[in-house]
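Here is a friendly walk through one structure, written for someone who likes to look at coordinates. Have the viewer open as you read.

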Amino acid sequence: MITKEIQRAGIPVIQVTNLTKIAEGIGSNRILRGNSVLHVFGDPTLPLPSEQAYRERRVKQALNMLEKVPPEGQQAIIEE
């Protein structure tokens, strides 16, 4: 709901969550699938250098999504 209000103000938002169906259901335009509820941008099961690379990839992916505009008639861009 917060993402929709921010978007309505004209500010593009990426919703990072592992609950993509719920985010899609409430009408988020840009959804990035996170790793888990507790670690959406990270994966603590990885060794530290790999985990840092994983986090960096996810942040870059989210930033790249800000440049995309959902096609007309589509509600969401979902990156898995």
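Ile14 sits in the loop that links helix H1 (2-8) to E1. Keep in mind throughout that this is a predicted model. Is Ile14 buried or exposed? Its relative accessibility is 17%, and because buried means under 20%, Ile14 counts as buried.

Who surrounds this residue? Leaving aside residues up to four places away in sequence, Ile14 touches Arg30, Leu32, Ala62, Met65 and Leu66. Ile14 also belongs to the largest nonpolar core, which has 6 residues: Ile14, Val16, Leu32, Ala62, Met65 and Ile77. Val16, another member of that core, has contacts with Leu32, Gly34, Val40 and Phe41, again not counting residues up to four places away in sequence.

Now for the sheet. It is open and built from 3 strands in the order E1-E2-E3, with parallel pairing. Strand E1 (15-17) and strand E3 (77-79) are at the edges with a single partner strand each, so one side of each has no neighbour in the sheet. On average, neighbouring strands of this sheet are turned by 20° against each other, direction ignored. Strand E2 (residues 30-33) is joined to E3 by 3 bridges, and the two run parallel. Within that pairing, Leu32 has Glu79 in E3 as its bridge partner. Helix H3 (residues 48-66) packs on the sheet, where it touches E2 and E3, and its direction makes about 165° with that of E2.

Arg57 lies in this helix, H3. Is Arg57 buried or exposed? With 52% relative accessibility, Arg57 counts as exposed, since the cut-off for exposed is over 50%.

Two C-alpha pairs are handy to check in your viewer:

| Pair | Separation in sequence | C-alpha distance |
|---|---|---|
| Ile14 and Phe41 | 27 residues | 13 Å |
| Arg57 and Gly10 | 47 residues | 26 Å |

Finally, a word on confidence. The protein chain has a mean pLDDT of 88, and 98% of its residues reach 70 or more. Which elements mark the two ends of the range? Among the elements of the protein chain, H3 has the highest mean pLDDT, 94, while E3 has the lowest, 77.

Key:
Residues numbered from 1 in each chain as written. Predicted model: local features only at pLDDT ≥ 70, side-chain atom pairs only at ≥ 80, totals over all residues. Heavy atoms only, no water. Core = buried A, V, L, I, M, F, W, Y, C linked by side-chain atoms within 4.5 Å. Buried < 20%, exposed > 50% of the residue type's maximum accessible area, 1.4 Å probe, protein only. Contact = heavy atoms within 4.5 Å. Pairing = 2+ DSSP bridges. Helix = DSSP H or I, 4+ residues; strand = E, 2+ residues; numbered from the N terminus. Axes fitted to C-alpha atoms, helices over the stretch in contact; angles between N-to-C directions. pLDDT = per-residue confidence, 0-100.
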